[in-house]
Amino acid sequence: MAKGKKVTVIGTGNFGSTVAFILAMNGTCHNVILRGRNYDVTKGKALDMSQAANAARQHTIVKAAKGPEDMAESDVVVITAGAPRTPGMSRDDLLTMNAGIVKMYAKEIKEYAPDSVVIVVSNPLDVMTYVALKYTEFPRERVLGMAGILDAARMAHFIYEKLEYGAGQIRATVMGGHGDTMVPLPKFTTVAGVPIEDLLDSEEIGEIVQKTRNGGAEIVNLLGNGSAYYAPAKSTTVMVDAILKDTNQIHSCAIMLKDDYGYSDIVSGVPVMIGAGGAEEVINMTLKNLQVKKFKNSVASVQEMVDKLHELKFFDDLV
Amino acid sequence: MTNRRVGIIGAGAVGATAAYTLAMKGICKEIILFDIAEGVAQGKAIDIAQATQYAPQPTILTAANSPADIKDCDIVIITAGVPRKGDMTREDLLMINAKIIKSVTQDVMKYSPNAIIVSVSNPLDVMTYAIQKITAWERNRIIGLAGALDGARMAYQIYKKLGYGAGQTGTLVIGDHGQNMVPLPQKVQVGDVPTTDLLDDEEFEGIIERTRNGGAEIVKYLGTSGYYGPGSAIAHMVEAILNDSKAVVSCSVGLNGEYGYQDVTVGVPVVLGKNGIEEIVQMTLNTKTKEKFKKSVDSIQEGIAILEKNGFFE
């Protein structure tokens, strides 16, 4: 018999808490370990969630971690830690602050949960995924960034707003970095198989693409104090569920490229097939010229940030 | 639609599996089963009612002793008719089932005059047409199960070819629910990825062929039609209507100029909601697909012509 599944969520802000809560409500794992900076607050949240699981007649138990050793035997570790983006702050501003935090946790995961699949959601997403990969020294299929699922969900929502039908059936595709240079692909977007171009004109589609790019910033501006977390948390649990249930389904995620789409040693968002071992396959789609160009821009913007970290001698402690 | 009351006429394997699926999903408040064979609806209603103990929501299951008990339903599912046997074509069923459908439809008009009818009996498109003519209701209230099932069969074939992507593959099939159906595997996606990046032309042809034979393949093994796929597909449609979810599902529907056709019932993508068919989705078809679709429409019109020849509508 297989043992019950275990997921560690690092960070107990809105994002991490919502991820843990969804997991407890879904019952896809038996144990959720929450790691926060303040043990009492973390324990309070864990108790609240465990009690909610009982109300939902689920078996999931949420516990607060006392230290990194409580991550042991996790199947999945989600890193949500990092400073949130506040109004006026670009994703890039977060770079150095969050890279240090992710580095610290990656080293701990390497030591205490060496067989886990790591999902990174800290921003700037693609660079943080790169940092986590370098410092866990895991194979690339076990370090993934959550990006495309969220961006595609946002695009699907904006399409639904225009159409007023098809909610939940819109398959939108967003590639590239999880930033201002993301690459929404309306040509690959369908509503229950019906191409979006049969339903909306090019002006409407252009508007949707623009709204998708600004999707995160729009919510940041409205909230005034922090960023979105419901859709991001749900998108993260889609990945967690796919790993725990070994679904072999395709989702767009940030992953280290290795001769994929013509790039290597850089993280960007591409469709991957997710199973128990993480991203078991990278799917190489045929892109049109314009898409190739946009993807190139997107990769370049991630590369710039990685280069900046190199300049700051961030990676100098790597063996 | 506050009653969420669903009548199922014909408690054979398809009707009962639809009832079971609906009950396990907790979609409706009440399900009423009717069958011409004595005791069948009663026995199955009790069995399903007992299974609801472990469902997320309660559902009341009852058996109708006569068609008059299928009363004031929001949706009536018509599965009545004789099943297709191994060597029987869908056309063989035509006249036998048309007569059954006529009497059942007249009961629905009398006892559930405001219902939306989901038609499941074969040959599907012709029976859906017959129901439309008999009731003379607005076309949005007569919906034939076709693409929801054929699309699921197509998605299964795509999964079998790829070995991944189960449950996240598009289901677009148009045309008749028979040998001339038009599966469109090239149009759909697996997760985020267009199938055209995953499969070649030869593989698409194989998928189209196996989708068309999807029903017959099961008949070959079972000696009778499949019912898990149909039951789930019916539940999917009922859920979209009762929840007013505005889901896009391919269904057999009366065309009134859409796709260039009139006075025929055929499968196209529609938006399902509280009024039944809320909208017919108009896709651009390429020349090759248009030809296939025409062949499909022609085959349905042949079936309708057989009904007319036999004085069915007089």
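Domain bounds here come from an automatic or database domain assignment. For chain A, that assignment gives domain 1 (6–146) and domain 2 (148–310). Before going on, note that this is a predicted model, where local features need pLDDT of at least 70, side-chain atom pairs count only at pLDDT 80 or more, and totals for chains, interfaces and linings use all residues. Residues are numbered from 1 along each chain as its sequence is written, while chains are lettered from A and ligands numbered from 1 in the order in which they are written.

Let's start inside chain A. The centres of domain 1 and domain 2 of chain A, taken over C-alpha atoms, sit 21 Å apart. Across that boundary, 36 residues of domain 1 of chain A are in contact with 40 residues of domain 2 of chain A (contact: C-beta atoms, placed from the backbone, within 7 Å). On the domain 1 side, helix 1 (14–26) of chain A gives the most, with seven residues. (Helices, H or I and at least four residues, and strands, E and at least two, are DSSP runs numbered from the N terminus.) By class, this side of domain 1 of chain A has 22 nonpolar, six polar and eight charged residues. Nonpolar means Ala, Val, Leu, Ile, Met, Phe, Trp, Tyr, Cys and Pro; charged means Asp, Glu, Lys and Arg; the others, Gly among them, are polar.

Now for the partner chain. Chain A and chain B each put 27 residues into their contact. On the chain A side, the elements giving two or more residues include helix 5 (148–163) and strand 13 (263–275), but the largest share, four residues, comes from strand 12 of chain A. That side of chain A divides into 13 nonpolar, eleven polar and three charged residues.

Terms used. Two residues are in contact if their C-beta atoms, placed from the backbone, lie within 7 Å.
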